[in-house]
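Take a look at the model below. This report covers its aromatic pairs and its salt bridges.

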Amino acid sequence: MVVYGEPYGLPTRHDEAYDQAYATPAALAAAGVNFAIAYSTGYWDIRNLAFAAGNAVSYGLSKEQALAAITIKPAEVMGVADKIGSLEVGKHASLFVSEGDVMDHLGQQVQLMFIDGAEVDLNNRHSQLYQKYRQKP
């Protein structure tokens, strides 16, 4: 199993293509390599993981492979695939519902979120201010 931790970035060698970071997941899949997409820059950037998977899709990875690379494959790497990573009876139900494709940072909007089956209140100061000033002429 390979954990690909550089889904964004510049080429590290002078002979690499400019899109090396985006195209690598599709190349791994084409070679039959079992892999997961991760971030090695830190926990703060994990919010962009779905977008990294979306970029990999635009460079040849299938949507199904991209989704697996950020859900069940990381769970397999960590040895917890029997508890998390996919929607199955008996697993922890942590998920979200998005309007639009979650792998498209412009075309999605999270509507609902559940952690261990409990709904998370998505109301916050940012969304309150957005609604308030959205109504201004």
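The text below describes a predicted model, starting with rings and moving on to charges.

**Aromatic rings**

A pair of aromatic rings is described by the distance of the centres and the angle of the planes. The whole structure holds three aromatic pairs. One of them joins tyrosine 8 and tyrosine 22. Their ring centres are 6.1 Å apart and their planes stand at 80°, so the pair is edge-to-face. The partners come from distant parts of the chain, 14 residues apart. Tyrosine 8 sits in the loop between β1 (2-4) and α1 (20-30), while tyrosine 22 belongs to helix α1. Tyrosine 8 is partly exposed at 27% relative accessible area. Tyrosine 22 is also partly exposed, at 23%. Tyr8, Tyr22, Tyr39 and Tyr59 make up one aromatic cluster.

**Salt bridges**

Side chains of opposite charge can pair when their charged atoms come close. The model has four salt bridges. The table lists some of them.

| Partners | N to O distance |
|---|---|
| Arginine 13 and glutamate 16 | 2.9 Å |
| Aspartate 101 and lysine 63 | 2.4 Å |
| Glutamate 76 and lysine 73 | 3.8 Å |

Aspartate 101 lies in the loop between β3 (95-99) and β4 (109-115), and lysine 63 lies in helix α3 (residues 63-70), so their bridge ties together parts 38 residues apart in sequence. Glutamate 76 and lysine 73 share helix α4 (residues 72-78). They are three residues apart, about one turn of the helix.

Which of these side chains are exposed or partly exposed? Arginine 13 counts as exposed, at 53% relative accessibility. Aspartate 101 is partly exposed at 30%, and lysine 63 is partly exposed at 42%. Glutamate 76 is partly exposed at 37%, as is lysine 73 at 21%.

Notes:
Residues numbered from 1 in each chain as written. Predicted model: local features only at pLDDT ≥ 70, side-chain atom pairs only at ≥ 80, totals over all residues. Heavy atoms only, no water. Phe/Tyr/Trp six-rings, centres within 6.5 Å; stacked < 30°, edge-to-face > 60°. Helix = DSSP H or I, 4+ residues; strand = E, 2+ residues; numbered from the N terminus. Buried < 20%, exposed > 50% of the residue type's maximum accessible area, 1.4 Å probe, protein only. Salt bridge = Lys/Arg side-chain N within 4 Å of Asp/Glu carboxyl O.
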